[in-house]
Amino acid sequence: QAIGGSSRGGVGKKEQLSVKKLRVVLFALCCNTEQAAEHFRNPQRRIRRWLRRFQASQGENLEGKYLSLEAEEKLAEWVLTQREQQLPVNEETLFQKATKIGRSLEGGFKISYEWAVRFMLRHHLTPHARRAVAHTLPKDVAENAGLFIEFVQRQIHNQDLPLSMIVAIDEISLFLDTEVLSSDDRKENALQTVGTGEPWCDVVLAILADGTVLPTLVFYRGQMDQPANVPDSILLEAKESGYSDDEIMELWSARVWQKHTACQRSKGMLVMDCHRTHLSEEVLAMLSASSTLPAVVPAGCSSKIQPLDVCIKRTVKNFLHKKWKEQAREMADTACDSDVLLQLVLVWLAEVLGVIGDCPELVQRSFLVASVLPGPDGTINSPTRNADMQEELIASLEEQLKLSGEQSEEPSASTPRPRSSPEETIEPESLHQLFEGESETESFYGFEEADLDLMEI
């Protein structure tokens, strides 16, 4: 049922992508091409070619046949909020949610892999988008984002808040599969940044609008047999029963924020997500004591207006993934327990935090890109300008961490979304640059692409 690219022996003819190929492409869009390649045992180059072919197709518009735009936007909002909470977005969860939303439609809801791939592309829902701040959010989410930006900029102006008192915090939850960790193979899959249930560790990052990186607070769910060697840039809390959201915020307020504000004589603002920061009366009292106003980012908006989300948080995750994969290969046949892994994670965190701390301009510009701060002339940058800056920040940090070229997929929708302005529409050249990086036929010189596809069924 899906529509593909060129067919054998002819240019411009439509060729169907099989359901099997579409399933692989959907996995790549939900996670990334590297994970899809590992899961389905297909080269990344091949998956990129399938996605490029699908993108280039001019098939029928399936929106009306499946879900209305309003229903699709509800589903898109769900995807965004799932990702903010580091919960899985995959074939199973996406289809379950889509079916639930579609039950209210007359005539039922007909789901397909082709529809799902088009949906992910049409709503710019690739998880590693490098220009996410220019993407159009679902209507309701976009309205909330606009109100939030208006609120924080008004408060910063009216209260004359110094950059040293505007802080953004966000969490990275790490999930550990102890069975996989103790196995002889697949160790690299033991540590993940997406999962369900209680996290193994919570990492609370905090940055200031003046470019400063505050100490990072790590919450470890476990009992350590011996004290960990904790780097200077990190504060560690460990408890076997773990920590509640309130406890995490209370400890962060006491150990990080109050120490910072003790030597400041000004009001402050705390920018944070709404999902894992339920503010107890104790936390609100602590913030009030330091004259700090909480500014809660609305659900689904983090990819555009959370300063940590536009560059830093994703890069920290990718760096931890890279370091653990390298380590897991080295210790494939040796034992590794939770305490050993914690020590490794602390060292890697200190390494990436050191690089970020040495880039105060990158940290400052993250607040500009997220529109928390206005531009130097007092006006908000255009989405295109912010997207250019976001791409520059990501590329700069990845280069310093030797992550360049990883997790960089950002396909654009083949069909422009309704209500998109010209400056928010990604040009076709970006798709060309993305997928033309590798030659499809370099390993099989003399074969046409359609001939190679026969080998891939």
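## Salt bridge between E398 and R130

In this predicted model, the side chains of E398 and R130 form a salt bridge, with an N to O distance of 3.2 Å. The two residues belong to distant parts of the chain, 268 residues apart. E398 is part of helix α16 (residues 383-400), whereas R130 sits in the loop between α7 (113-122) and α8 (139-158). Both E398 and R130 are buried.

## Other salt bridges

The structure holds 16 salt bridges. One of them joins the side chains of E38 and K325 at 2.7 Å, N to O. This pair also links distant parts of the chain, since E38 lies in helix α2 (residues 33-40) and K325 in helix α13 (residues 312-330), 287 residues apart. The two partners fall into separate accessibility classes: E38 is partly exposed, with a relative accessible area of 40%, while K325, at 16% relative accessibility, counts as buried. E38 and K325 also belong, together with E34, to a network of salt bridges.

A further salt bridge brings together the side chains of E91 and R23, at 2.8 Å from N to O. E91 lies in helix α6 (residues 91-102) and R23 in helix α1, so this pair ties together parts that are 68 residues apart in sequence. E91 has a relative accessible area of 25% and is partly exposed.

## Surroundings of R23

R23 is located in helix α1 (residues 19-30). Its relative accessibility of 38% places R23 among partly exposed residues. Apart from neighbours within four places in sequence, R23 is in contact with F40, E91 and Y113; of these residues, E91 is the salt-bridge partner already described. R23 and A116 are 93 residues apart in sequence, yet their C-alpha atoms are 9.3 Å apart in space.

## Nonpolar cores

The largest nonpolar core has 109 residues, and L94, W200 and W324 have the most contacts inside it. Helix α14 (residues 338-357) gives the most to this core, contributing 12 residues. Both domain 1 (19-127) and domain 2 (139-401) supply at least three residues each to this core.

The contacts of L94 illustrate the packing around one of these core residues. When residues up to four places away in sequence are not counted, L94 touches L26, L75, W78, V79, A116, F119 and M120. A second, separate core comprises 20 residues, including I169, L217, L235 and I248. In soluble globular proteins, nonpolar side chains tend to be buried together.

Strand β3 (residues 201-208) is largely enclosed by the rest of the structure, because eight of its eight residues are buried. C201, V203, L205 and I207 point one way from β3, and D202, V204, A206 and L208 point the other way. The residues on both sides are buried, D202 included.

β3 pairs with two strands, both in the antiparallel sense. Its pairing with strand β1 (residues 166-176) runs over eight bridges, and its pairing with strand β4 (residues 216-221) over four bridges. V203 takes part in both pairings: I172 stands opposite V203, and V218 is the bridge partner of V203 in β4.

S290 lies in the loop between α11 (281-289) and β7 (292-297). With a relative accessible area of 10%, S290 is buried. Beyond residues up to four places away in sequence, S290 touches M165, W257, T261 and S266.

## Cysteines

The structure contains zero disulfides. C30 is in no disulfide, and the nearest cysteine sulfur, that of C31, is 6.0 Å away. C30 is buried, with a relative accessible area of 5%.

C359 is likewise in no disulfide; the nearest cysteine sulfur belongs to C311 and is 9.2 Å away. At a relative accessible area of 11%, C359 is buried.

Notes. Residues are numbered from 1 along each chain as its sequence is written. This is a predicted model: local features need pLDDT of at least 70, side-chain atom pairs count only at pLDDT 80 or more; totals for chains, interfaces and linings use all residues. Side-chain values use heavy atoms; hydrogens and water are left out. A nonpolar core is a set of buried Ala, Val, Leu, Ile, Met, Phe, Trp, Tyr and Cys residues joined through side-chain atoms within 4.5 Å. Buried means under 20% relative accessible area, exposed over 50%, partly exposed in between (1.4 Å probe, protein chains only). Domain bounds come from an automatic or database domain assignment. Contact means heavy atoms within 4.5 Å. Two strands pair if DSSP finds at least two bridges between them. A salt bridge is a side-chain nitrogen of Lys or Arg within 4 Å of a carboxyl oxygen of Asp or Glu. A disulfide is a pair of cysteine sulfur atoms within 2.5 Å.
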